[in-house]
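Grab the viewer and follow along.

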Amino acid sequence: MVTHLLGAEALRLEYPTKVVFDSVTVGVNTGDRIGIVGRNGDGKSSLLGLLAGRIEPVSGRVTRRGGVRVGLLDQADTFADDALVGPTIVGDQAEHDWAGDARIRDVLAGLVPDLPWEARIGELSGGQRRRVALAALLVGEWDVLGLDEPTNHLDVPGIAWLAAHLRRRWPASAGGLLVITHDRWFLDEVCAATWEVHDRGVEQFEGGYAAWVLQRLERSRRASAAQAKRANLLRKELAWLRRGPPARSTKPKFRVQAANQLIADVPPPRDRLELARLATARLGKDVVDLLDAGVSFGATEVLRDVTWRIAPGERTAILGANGAGKSTLLGLIAATVAPTTGRVKTGKTVRVAMLDQTFADLAEIGAQRVREVLARTKTTYLVDGKELTPAQLLERLGFSREHLSARVDELSGGQRRRLQLLLVLLSEPNVLLLDEPSNDVDVDMLAAMEDLLDSWPGTLIVVSHDRYLVERVTDQQYAIIDGRLRHLPGGVDEFLRLSQPDVAARPAGEPPPTAARSGSTARTTQNERGAAEERAIRKELAAIERRLDRLTERIADLHERLAAHDVADYLGLQRLADEERAAQAELADAEARWLELSELLG
């Protein structure tokens with residue numbers, strides 16, 4: 001039974017210089033798993049703060065069922081630097097209490113398995129503090145969880161663990177989840193609905209990121225001709241979603257059919273043969289060769305025995321845990337880090353450019369206006385066979401024209417990232433290194449950036465924890481594991497398998513590292529579903545898919561009959577309209593059951 005948990009009625013929020021929301025009404029019911037997306041600065045965090053009671057609206061009201069417990073993860077923690085990790089996570093609970101709770105043991109093993117229990121918060125890195133903040137929230141019992149950028153500072157295995165935890169945290173018809181994230185893989189894995197925050201309101205969509213792209217595309221197709229550029233970009237994005245790994249295409253057939261009709265004439269994101277030809281012509285045969293290269297900082301060996309001959313036009317992602325040496329590897333390629341063993345050979349025609357995690361390259365031009373910065377570049381650039389000015393390229397990256405007159409120091413983090421990427425591309429490198437390019441970037445900007453990189457013919461090396469971006473813009477993946485570079489024929493899934501701790505190999509009764517340091521004998525347990533139950537679920541899924549096909553055909557037939565019916569026959573029209581509404585309701589119920597069964601299968 002669906003029960004109301006949390007909601008808002010006619011909310012208005014404004015500041016002296018800006019109206020954030022104007023009459024917003026939304027609701028969260030039991031079983032809702034909602035992703036909140038939108039451009040940076042449009043009010044996503046404000047919406048979460050309003051619903052959680054952290055922000056008071058100017059007018060309207062927030063409704064909450066009596067006794068509902070709401071937990072909120074902010075983008076920044078408020079921990080005292082001298083606080084200890086253990087008490088910060090489990091509070092003042094006695095050890096035997098939290099050690100005997102399977103849910104708490106699972107959170108500790110998933111987020112802080114190697115973190116010293118007695119370490120002070122002020123001594124931790126940004127990624128470690130984020131894990132502590134998540135763990136402190138997730139060990140609690142909540143009816144509604146609000147997560148603001150929970151994947152920030154998490155590596156790929158950490159993000160995968162969090163997605164799996166949120167999927168199994170409540171039964172399918174219990175609990176409520178609101179999550180703000182720019183991680184599109186995470187959105188698709190966790191969320192069954194999407195709220196888009198834009199233009200002082202909230203627009204609601206069914207499904208995760210893939211379904212949201214499809215529905216936005218349909219909205220764009222119905223919009224005016226001025227939206228043609230955006231619609232084309234969304235069509236290309238949807239084409240990528242449908243051509244992606246099989247795991248991403250496990251959608252109901254009614255969605256697959258609609259998507260196939262929309263992208264029937266969309267070309268592949270990249271013409272790999274043509275890009276390889278252009279890259280070879282510009283670069284020659286030699287790019288960068290790492291030959292038995294190793295890097296040590298004092299007594300700490302970061303990389304060892306790395307041999308990698310980078311080819312012209314290669315599009316590669318580098319995966320690895322935080323601190324594994326990914327940025328050091330990029331430094332070797334860019335010649336900003338010298339190898340302590342082995343050597344690095346760079347081709348004569350190579351021009352390397354790097355987009356790093358800081359904005360150091362923008363500090364020198366902080367007082368200048370964006371228009372003045374662009375005026376010093378070439379007048380036109382050839383992209384996708386068309387000549388574009390730097391301002392047009394910046395607009396293609398989602399930069400509004402009114403910001404061209406702003407000073408660089410006045411730009412937001414997302415705008416500075418757009419400008420930084422553009423300046424890197426305008427330097428016309430033939431080897432491009434991207435170190436966490438998705439930081440401070442919303443989903444629209446990510447899609448625009450990926451679209452621009454599709455037509456870029458040089459060698460591309462990407463370091464990112466954003467799984468969607470990795471699979472979208474690269475053709476192969478490597479991982480740094482124990483200081484060595486390893487090719488991953490199986491992509492990100494293979495990396496996740498290699499990253500999983502071998503729990504089964506641990507002797508019986510031996511605790512995971514965190515519990516060992518705290519004196520606990522806690523260890524993780526996993527429940528396996530029986531083969532008979534899985535067969536029954538798959539059988540019901542197949543039956544529901546057949547039912548969805550019949551309902552879709554029936555609704556299409558009713559639409560045709562409504563369109564052809566005599567408008568003077570009001571009773572006949574009403575009867576057909578009632579049949580159509582009933583079929584739509586039946587379709588919605590079938591979709592909900594399909595999604596519920598899919599979650600059970602994982």
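**Exercise 1.** Find which residues touch the most other members of the largest nonpolar core.

Solution. Start with the rule: a nonpolar core is a set of buried Ala, Val, Leu, Ile, Met, Phe, Trp, Tyr and Cys residues joined through side-chain atoms within 4.5 Å. Buried means under 20% relative accessible area (1.4 Å probe, protein chains only). The largest core has 61 residues, and I89 and F186 touch the most other members. Helix α6 (residues 156-169) gives the most to this core, namely seven residues; helices are DSSP runs of H or I, at least four residues, numbered from the N terminus. Apart from this core lies another of 37 residues, including L362 and M445.

A word on the model: it is predicted, so local features need pLDDT of at least 70 and side-chain atom pairs pLDDT 80 or more, while totals for chains, interfaces and linings use all residues. Numbering runs from 1 along each chain as its sequence is written, and side-chain values use heavy atoms, without hydrogens and water.

**Exercise 2.** Classify the ring pair Y209 and Y468.

Solution. Rings of Phe, Tyr and Trp (its six-membered ring) pair if their centres lie within 6.5 Å; planes under 30 degrees apart are stacked, over 60 edge-to-face, the rest tilted. That rule gives four aromatic pairs. For Y209 and Y468, the centres are 5.4 Å apart and the planes at 80°, so call the pair edge-to-face.

Note on methods:
Buried means under 20% relative accessible area, exposed over 50%, partly exposed in between (1.4 Å probe, protein chains only). Helices (H or I, at least four residues) and strands (E, at least two) are DSSP runs, numbered from the N terminus.
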